[in-house]
Amino acid sequence: MKKLLVLLFCLFNILPTAIAKPDGGLTVMILGDSLSTGYGLPADASWVNLLKQRMQALSPRYQVVNISISGETTLGGRNRIEQAIKTHHPDIVIIGLGGNDGLRGASIKSIHDNLEAIIQTCQQYHATPILAGMQLPPNYGIAYTQKFRNIYTDLAERYQLKLIPFLLAGFGDKREYFLADGIHPDIPAQKIITENVWDVLHTMLESGFSSAKGTIQTVPTYNN
């Protein structure tokens, strides 16, 4: 009997946790900084709002919750993530943090460790994380910018996460896509960001992640 209990315990910690959502609902939560708040733009122009519109066009039971804060750091996100999950019960969390840390020259280890803690908290509460990669301007030095960039690919590989390679891909090096401050994307850029996110997110929806059609949603848990 003891051997059977041990076997069942091991299987519980290895196999995906099945979460049935009979109403077909699915909530995506955005944990980001000013790049995800629509800084300097009309509220309806932000990429998060555009993503919400696209998802609800597929199903009115798809929800997008934005808990992004301008100026947010990975440490701030780490401190907020558990309560946010308890409050909003997301199925998917898009993590778009690290840019402010990098621009302030924070240590690579601190950025890595904070993002890792956020990922682990998501998985602990059976929310599937998607990591949005960030990049820094070349004037921060080749060594630092490369190590910073590698944080996202390394964590995605270790935790087998879906990765948005670069949130600002397609325009990050084009000044005309930014507001006067040269930091925050303008309205046309929001559409590009939406596509960057959708390229990854829609593959999860199409693979049966959502229970919108009465299927069972499986969310992998990891025990490190």
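Two strands are said to pair if DSSP finds at least two bridges between them. By this criterion, the predicted model contains an open sheet of five strands. The strand order is β3-β2-β4-β5-β6, and the pairing is parallel. Strands β3 (62–66) and β6 (162–164) stand at the edges. Each has a single partner strand, so one side of each is left without a neighbour in the sheet. From one strand to the next, the twist averages 20 degrees.

Within the sheet, β4 (residues 92–96) pairs with β5 (residues 128–132) in the parallel sense. Four bridges join these two strands. I94 has I130 in β5 as its bridge partner.

Two helices lie across parts of the sheet. Helix α3 (residues 74–88) lies across β2 (26–32), β3 and β4. Its direction is at about 160 degrees to β2. Helix α6 (residues 142–159) lies across β5 and β6, and runs at about 155 degrees to β5.

The structure also holds three aromatic pairs. F148 and Y152 form an edge-to-face pair, with 5.6 Å centre to centre and 75 degrees between the planes. Both residues, F148 and Y152, belong to helix α6. They are four residues apart, about one turn of the helix. Both are buried.

F171 and Y177 form a tilted pair, at 5.7 Å centre to centre with 45 degrees between the planes. F171 is buried, with a relative accessible area of 0%. Y177 has 24% relative accessibility, so Y177 counts as partly exposed. Ring pairs link F171, Y177 and F178 into a cluster.

Key
Residues are numbered from 1 along each chain as its sequence is written. This is a predicted model: local features need pLDDT of at least 70, side-chain atom pairs count only at pLDDT 80 or more; totals for chains, interfaces and linings use all residues. Side-chain values use heavy atoms; hydrogens and water are left out. Axes are lines fitted to C-alpha atoms, for helices over the stretch in contact, and angles run from 0 to 180 degrees between N-to-C directions. Contact means heavy atoms within 4.5 Å. Rings of Phe, Tyr and Trp (its six-membered ring) pair if their centres lie within 6.5 Å; planes under 30 degrees apart count as stacked, over 60 as edge-to-face and the rest as tilted. Buried means under 20% relative accessible area, exposed over 50%, partly exposed in between (1.4 Å probe, protein chains only).
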